[in-house]
Amino acid sequence: MTSSTLTKQHRLNAPELHHLPNGLTIVAEQMPIDVINLNLWLNVGSYLEPDPINGMAHFLEHMIFKGTERLPSGEFERRIEQRGAVINAATSQDYTHYYLTCAPSHFKELAPLQIDMVLNPLIPDDAFERERLVVIEEIRRSQDNPRRRMFGHMMELGFEVSPYRRQVLGLQEVISQLQPQQMRDFHSYWYQPKSITAVVVGNLPVEELIDTVALGFGNTKGEHPKKNNKYPTKNYIETPFTEVVRRSYTDKSLQQARLAMIWRVPGLKDLSQTYALDVLAAILGHGRTSRLVRDLREDRGLVSHIGASNMTFQHQGIFYISAQCPVENIEIVENAILQHIRTLKNELVSKSEIARISSQVANRFVFANESPSDRAGLYGYYLSLIGALEPAFNYPSYIQGQNSIHLMEAAKKYLSSDTYGVVITKP
């Protein structure tokens, strides 16, 4: 095998990193559970799509499973089913990933097939047309979902010009116009080893895991076929709101009104700025003991649901608070939320409240490391989007390192009570 660099992380999690000359990164870890998970992470999602092909990354995810020269359509799925293995895939704004879970005894056979499917899809015209209808139906179903409609309104307000404002699935009118050759070009350009992180975790020796994946990629060179301006890469950073910006909608399918308040905040590119916001979201709206839930739902009965989230994408994020309530309570709920924001900026959070949140985060981290698929997802996410594993391992300690001053400063800097976005949907 070609020369490479191997680095080991010394801690409870002990993955090894292996870099191939073609740009592929392999992360491997032996775990004493009788299963193997192979996760192929690609640094391509809807963010990289020009508007005329919005939805291409997700559509391509569907087409990956339609056969290669080596594997006729349906053959890969047949072998997977025969061996009791599981495959699936997902596309987001920042990445696409394909994963395989199988018994260790089947890994050498199935891993090269999964890699072949990802690297060498035929994308035949007839299958493309059939799958186009499937994707369009998925778009229609998403539009029939009130929660997803509300999320779409939030993203459009939170990101005015950034591609994050668009739907990962794309629009029906765009998907209807896409051509198979456009997809082949998109795949050829982006699905290169330098854009892939292959993560494999399970009960085989690390050397065997790495060799199997490396052999699956064979002599793939890892160069974009040619530089062109089809896929311009530009980082869009939205400026904070300078006033209260409101968007109102009517949705007759709802039983109650839905309210979302939005602030533009840093993303993974400014990772150190996200930890305090994660803690603030937990303090405000994670669980029955959080401030907003306890006050607005449990004590005052103003809402049927309320929560807070610091949604962190690669280039930028949004911090939002969402609630469901009777229409007549909308203004009261918004003002109450603002009062809680003001309190965070003017009163120090107690050490006991920070300790509670830190304990929750640390425990969730442990629970999220219990299976090979959990660990493969953790490693792939951080290495693909941040380029390092250290932030994944150290996340609990970063959270535990946040003190009351850090939280107050973050609230003052990012959570203005005078300038923010508001989305309201009424029945």
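**A buried arginine, a strand hairpin and a helix crossing**

Arg132 counts as buried, with a relative accessibility of 7% (buried: under 20% relative accessible area, 1.4 Å probe, protein chains only). The model is predicted, so local features need pLDDT of at least 70 and side-chain atom pairs count only at pLDDT 80 or more, while totals for chains, interfaces and linings use all residues. Residues are numbered from 1 along each chain as its sequence is written, and side-chain values use heavy atoms, without hydrogens and water.

Arg132 belongs to helix H4 (residues 125–143); helices (H or I, at least four residues) and strands (E, at least two) are DSSP runs numbered from the N terminus. A polar atom of the Arg132 side chain lies 2.9 Å from the backbone oxygen of Leu178. Beyond neighbours within four places in sequence, Arg132 contacts Phe59, Ile175, Ser176, Gln177 and Leu178 (contact: heavy atoms within 4.5 Å).

Helix H1 (residues 56–63), which includes Phe59, and helix H7 (residues 180–190) have axes that come within 10 Å and cross at roughly 90°. The two helices are therefore roughly perpendicular (65 to 115 degrees, between N-to-C directions of lines fitted to C-alpha atoms over the stretch in contact).

Strand E10 (residues 305–312) is largely enclosed by the rest of the structure, because six of its eight residues are buried. E10 pairs with strand E11 (residues 316–325) in the antiparallel sense over eight bridges (pairing: at least two DSSP bridges). Three residues separate E10 and E11 in a hairpin, and His305 stands opposite Gln324 in E11.

Note on methods:
Buried means under 20% relative accessible area, exposed over 50%, partly exposed in between (1.4 Å probe, protein chains only). A polar contact is a pair of N or O atoms within 3.5 Å; within protein, one must be able to donate a hydrogen and the other to accept it, and residues adjacent in sequence count only if both atoms are side-chain atoms. Axes are lines fitted to C-alpha atoms, for helices over the stretch in contact, and angles run from 0 to 180 degrees between N-to-C directions. Angles under 35 degrees count as roughly parallel, over 145 as roughly antiparallel, 65 to 115 as roughly perpendicular and the rest as oblique.
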